[in-house]
Amino acid sequence: MKRVKKIIAFVLCACMFCGLLSGCSSVGDGKRIIRISHAQSETHPEHIGLLKFKEYIEENLGDKYEVQIYPNELLGSAQKAIELTQTGAIDFVVAGTANLETFADIYEVFSMPYLFTSEEAYHATMMDTDYMEQIYQSTDEAGFRVLTWYNAGTRSFYATKPINTPEDLKGLKMRVQQSPASIKMANAFGAAASPMSFGEVYTAIQQGVIDGAENNELALTNNKHGEVAKYYSYNRHQMVPDMLIGNLKFLNSLSDEEFQIFKEAAELSTEVEMEEWDKQVEEAKEIAENDMGVTFIDVDVQVFKDAVSNVQQEMLDDNPNIQDIYDHIQEINAQYEEEGD
């Protein structure tokens, strides 16, 4: 399957490259093709959100644009797809903030363990559009800009053996996102951080290359990780959004009216994705437990927080660029903590 994906990706990329060289990024009726890449399956909330994006664009600008969505890393891993978006070979990609850290180090803040104290504070931060626009513009020099965010839930550890305390992580090879901050976090827990592409995780666990990974519940079902990792521990160490990233040259080529439609399409896609996310998480837990034999473990989260308590300050010391957004998030955390009292 992995070899087939590579062949498909090569053929698609070759076709796109040839199209760009010949100036043909359009279909027979002259419409401009908009290509979007992402790593998830066709049933994932992000894909469903992107279908709404496609629908809105084609309803309002269907005489000019046709949107094509490529799921399952068909156009390569997130990092490769970002590079293709930089060059304009594709127009949009969905990628996690960890993939953006090498382009703008302000995104490191989202890899910080226990950055948000609640899902409500996390959502409020991401929905603070005026503030987030400042962050989104930080990659302009790299040739792309974030258009909107998608909820990727709360990340926890899952493995081939139970994890009840940080002690249980010691010596385990755990896949993390390809992010220096995520590597530092996993190592602080006592695990051996193993960064790799998301599409490689299933086989790596199956073959014993790694002992487990960290992600949300949908990874167990949508990506079938629950077939090879039977223990999911709710230590809730990160809430990391995924981002819809657009080629800046393409975005700047749009008229004001067209750009507004693309922004509206992006916002609608987020609304749809968030609604679908909540529904699918509950379904995933039920399927993983009842059909795949996954055991869900509720742990003492404070013990895990204590194990990485020094990582936040280390990250702030190492990267002063994240101080402002960190302080902004702490204000939002405090607001929701007060409301919860």
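A residue is called buried when its relative accessible area is under 20%, exposed when it is over 50%, and partly exposed in between, as found with a 1.4 Å probe and the protein chains only. By this scale Lys-173 is partly exposed, because its relative accessibility is 33%. The structure is a predicted model, in which local features need pLDDT of at least 70 and side-chain atom pairs count only at pLDDT 80 or more, while totals for chains, interfaces and linings use all residues. Residues are numbered from 1 along each chain as its sequence is written, and side-chain values use heavy atoms, with hydrogens and water left out.

The overall form comes first. The protein chain contains 13 helices and eleven strands; these are DSSP runs, numbered from the N terminus, with helices (H or I) of at least four residues and strands (E) of at least two. Its radius of gyration is 20 Å, close to the 20 Å that the globule rule gives for 341 residues, so the chain is as compact as a globular protein of that length. The radius is taken over C-alpha atoms, and the rule is 2.2 Å times the number of residues to the power 0.38. Along the principal axes, the C-alpha trace spans about 60 × 45 × 35 Å. Of the 341 residues, 55% are buried. Contact means heavy atoms within 4.5 Å. Among contacts between residues at least 6 apart in sequence, 77% join residues at least 24 apart.

Lys-173 can now be placed within this fold. The residue belongs to strand β6, residues 173-176. Not counting residues up to four places away in sequence, Lys-173 touches Ala-192, Ser-194, Gly-208, Val-209, Ile-210, Asp-211 and Gly-212.

Ser-197 sits in the loop between β7 (192-195) and α7 (201-206). Is Ser-197 buried or exposed? Its relative accessibility is 11%, so Ser-197 counts as buried. Apart from neighbours within four places in sequence, its contacts are Glu-73, Ser-77, Arg-175 and Gln-178. Ser-197 and Glu-73 are 124 residues apart in sequence, and their C-alpha atoms are 9.9 Å apart in space.

Lys and Arg count as positive and Asp and Glu as negative, while His and the chain ends are not counted. The chain has 26 positive and 57 negative charges, and their mean positions are 11 Å apart; each charge is placed at NZ of Lys, CZ of Arg, CG of Asp or CD of Glu. Side chains of opposite charge can pair when their charged atoms come close. A salt bridge is a side-chain nitrogen of Lys or Arg within 4 Å of a carboxyl oxygen of Asp or Glu, and the count comes to eleven.

One of these bridges joins Arg-145 and Asp-140, at 2.5 Å from N to O; Asp-140 is partly exposed, because its relative accessibility is 24%. Another joins Lys-170 and Glu-167 at 3.2 Å, and both of these residues are exposed. A further bridge, of 3.4 Å, links Glu-276 and Lys-279. These two residues lie three apart, about one turn, in helix α10 (residues 256-290). Glu-276 is buried because its relative accessible area is 15%, whereas Lys-279, at 44%, is partly exposed.

Asp-242, in strand β10 (residues 242-247), is buried yet has no salt bridge. The nearest side chain of opposite charge, Arg-155, is 6.0 Å away. Beyond neighbours within four places in sequence, Asp-242 has contacts including Glu-46, Val-94, Thr-148 and Trp-149.
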